[in-house]
Number of protein chains: 2
Amino acid sequence: MPKLRVHAFAISLDGYGAGPDQSLADPLGKGGTGLHQWFFPTRTFQRTLFGKDEGTTGLDDDFAARGFDKIGAWILGRNMFGPVRGPWPDESWRGWWGDNPPYHVPVFVLTHHARPPLEMEGGTIFHFVTDGVEAALARAKEAAGARDIRIGGGAATIRQYLNARLIDEMHIVISPVLLGGGESLLAGIDLPALGYEVTEHVPSEKATHVVFSKRS
Amino acid sequence: MPKLRVHAFAISLDGYGAGPDQSLADPLGKGGTGLHQWFFPTRTFQRTLFGKDEGTTGLDDDFAARGFDKIGAWILGRNMFGPVRGPWPDESWRGWWGDNPPYHVPVFVLTHHARPPLEMEGGTIFHFVTDGVEAALARAKEAAGARDIRIGGGAATIRQYLNARLIDEMHIVISPVLLGGGESLLAGIDLPALGYEVTEHVPSEKATHVVFSKRS
């Protein structure tokens, strides 16, 4: 049975998945790049984002690589797709990633504002879903076939899927930074009551990797 | 200059310093003992609590031992001292630790209800302070002389001292457990704005040790 998975979602020591004051110039919010210092040097990141055949291997890279294994579709919150808020003024915004985004499969973007699908180079197609998280999941499952679906974020999107008990497996990364404010990933969510338990705990030099899984 | 320090304060992955539903039978709250699995086996814990000359050494024990180095006084929130709430019905409650508590120095207990000092074996004297966190700190400093003061907790007490910028150094331990609810240690506290930064990040097999320090 295909799974709904979260991978490599980094939070700060104070629990935030992005810094405060997100903007076009600062898409991860103030201090938000500090969340990803474990990830940027990895071979997986360097290959996936820049097509370079270099980067570090080891624990951090192993976890990063898992996030691209057997993924047949992605789901993103709208703010992960871009900084535009409210109705789309036109179709000029085509994502943060240039002409050839790192997905290479269908990507379902949650939004309140309809927009035609957007076909990019390299197999990525952005679909804009206006009828909620369950509808997005149904469409992503159809697109992914036997493969799994990955939720890219942000925190608000993950929280919705967690509260609906729809996530099967979730890898988070606790980075040694303090953000002081922003979007909290887990505050107010009772994960044990929702049926989640810690199934992996692997510290690396740069961060702590934790996997939660839903009890079957 | 003597410092105000926090040591070995463990929080869950979802940020709680104790589990929900604390009681006499369950002083750490539901699931709360999971927070301290890194600590119980250490030589420092075994020596300090049970007087045994055994236990593990290594990273976890090194951090545990620091918490007893050059400490001349402690400050505790009332719930750390015991389960009694409201006015003291009598003087029969003498702490969770038996006749010879592991402090061996003066301990200042924050409470709204006056009570005479309580002298225990081994040098521990509990003083009950009714005029707030700054008064407790002033008295603890006087008692500690050239040595430092350690805040034992709980979360609410640490939060008050953090918000007042009175803590100089704070070691927390992120344990691989989910509690789902309880007292959050850091939620809503903007540590960078208060002048704190991460000065150490040391993962062990059992937990992640982090030290915050106040910029001078």
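These are my notebook entries on the two chains of a predicted model.

**Ground rules.** I number residues from 1 along each chain as its sequence is written, and chains are lettered from A in the order in which they are written. Because the model is predicted, local features need pLDDT of at least 70 and side-chain atom pairs count only at pLDDT 80 or more, while totals for chains, interfaces and linings use all residues; side-chain values use heavy atoms, with hydrogens and water left out.

**Entry 1, the sheet of chain B.** I looked up the strand order and found nine strands in an open sheet of mixed pairing, β4-β5-β3-β2-β6-β1-β7-β9-β8. Strands here are DSSP runs of E of at least two residues, and helices are runs of H or I of at least four, both numbered from the N terminus; two strands pair if DSSP finds at least two bridges between them. The edges are β4 (118-119) and β8 (196-203) of chain B, each of which pairs on one side only. Inside the sheet, five bridges join β3(B) and β5(B) in the parallel sense, and Phe108(B) stands opposite His127(B) in β5(B). Helix α4(B) packs on this sheet, touching β1, β2, β3, β5 and β6 of chain B, and its direction makes about 160° with that of β2(B). For such contacts I required heavy atoms within 4.5 Å, and the angles, from 0 to 180 degrees, are taken between N-to-C directions of lines fitted to C-alpha atoms, for helices over the stretch in contact.

Which residues of α4(B) are buried? I noted Val133(B), Ala135(B), Ala136(B), Leu137(B), Ala140(B) and Ala144(B), taking buried as under 20% relative accessible area, exposed as over 50% and partly exposed as in between, with a 1.4 Å probe and protein chains only. The buried residues of α4(B) pack against several elements of chain B, including β6 (148-153) and α5 (155-163). Just after the helix, Gly145(B) takes a positive phi of about 60°.

Lys3(B) is partly exposed at 36% relative accessibility, and Glu169(B) is partly exposed at 21%. I also found Glu200(B) and Arg66(B) meeting at 2.8 Å, N to O; Glu200(B) lies in strand β8 and Arg66(B) in helix α2 (residues 59-66) of chain B, so the pair ties together parts 134 residues apart in sequence.

I asked how chain B relates to chain A, and a rotation of 180° with 0.0 Å of shift along its axis superposes them with an RMSD of 0.0 Å, which is the relation of a two-fold axis. The superposition is by least squares on the C-alpha atoms of residues with pLDDT of at least 70 in both copies. In chain B, Pro203(B) comes closest to the rotation axis, at 2.8 Å (C-alpha). The same surface serves both copies, as 100% of the contact residues of chain B recur in chain A.

Notes. Salt bridge = Lys/Arg side-chain N within 4 Å of Asp/Glu carboxyl O.
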